Amino acid sequence: MAILRELVCPGCGDTIRGADWNPPLDGTPATTGYDSCARKCVGCGFGFSNSQATTPTVIYRDPFWDVPEFIARESKDVLRRALNVVSRGKKEQRFASRNSEDHVTWTMFRYLVVTRKISALAERLGILTAGAPEPKVLLWGVSITPGEEARELEKRIQATLDALGERAYRRSEPDVILDFGMTGVVFIEVKLRSPNNYEDITEERTNRYINRSDDEQSSRPFVNSDKAIQSGSYELIRNWRILWELAKNRPAALVKLGVLPCPGEAEDRLKKFEESLLTTPQRRFLRISWRDFIGAIVHKPLWLSRYIDDRGILDQKGPAVAK
């Protein structure tokens, strides 16, 4: 019989008794959501991952317990329509975790869309020049802005991925797509605490994104395919190629939002990725920290400031966590 240590609830301060269970063969019972947590504060609605860690991950009974009702609206529909069919279930399951990148992405951009602050924010961050209209916004390939034009954008991104030869059930899903019309298109790859995802990737695996036989030399998104592959930045490689295809002749920017890596392997890999790109004044790759992003949001409501603090969004020293 194994025993999980006692915890103190961060909401009410009550002691939560350590739980015991008959461990499975792999040693740890999986935490798949609030109901599967062996330790809970029912009054506060906080569960805790089934981990012996001193500070296990908080799992919320209601993922939107600390934000206004309008933030939660339509979230389930968007999660269930995300472009990557295979990941939909896990995305919805992990949404309840305090460490969820997707929940932070949803909350921040839902707020910015409703309050019509995206264009001004993009200008302050140097992503766009002044005078851009409020954009059509897609999260994980699904529109969170109303109107027929936004639905057409959903169809265009799906058609772009199909043309690249992606499988319909395992499509790439850029975290955030901002379409400002003729002013430009912006893709944002969001990371909460981890610098980036890196993988051992092969030329064969990246061929549809890096080497296209119908590319003209002057229009190829990558100038050094070897460096792109060596970077291991598979998400960013895909996003850069998809961005070029979707933007066509319009200005475009790929933004890496999150932790800026310190000197070391993560920084070296990111530099290789940057050096692999064909960049121009109209085609840019930008690194933006959470501190700069949040600092550029003017007149933040109290609930948003509390959310930023509670989720540790500005905690640059946090461990890498899964979505």
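**Strand E8 and the cysteines**

In E9, Ser143 is the residue that Leu138 stands opposite. This is a predicted model: local features need pLDDT of at least 70, side-chain atom pairs count only at pLDDT 80 or more, and totals for chains, interfaces and linings use all residues. Residues are numbered from 1 along each chain as its sequence is written, and side-chain values use heavy atoms, with hydrogens and water left out.

Back to the strands. They are DSSP runs of E, at least two residues, numbered from the N terminus. Two of them pair if DSSP finds at least two bridges between them. E8 covers residues 136-139. E8 and E9, residues 142-143, run antiparallel, joined by two bridges. They form a hairpin with two residues between them. In that turn, Trp140 has a positive phi of about 55 degrees.

Next, E10, residues 176-179. It also runs antiparallel to E8, with four bridges. There, Asp179 stands opposite Lys136.

What covers E8? Both faces are covered. Lys136 and Leu138 are buried on one side, Val137 and Leu139 on the other. Buried means under 20% relative accessible area, with a 1.4 Å probe and protein chains only.

Now the cysteines. How many disulfides does the structure hold? The cut-off is a pair of cysteine sulfur atoms within 2.5 Å. Cys37 is in no disulfide; its nearest cysteine sulfur, in Cys41, is 12 Å away. Cys37 is also buried, at 4% relative accessible area. For Cys41, the closest cysteine sulfur is in Cys9, at 3.7 Å, too far for a bond. Cys41 is buried too, at 9%.

Methods: Buried means under 20% relative accessible area, exposed over 50%, partly exposed in between (1.4 Å probe, protein chains only).
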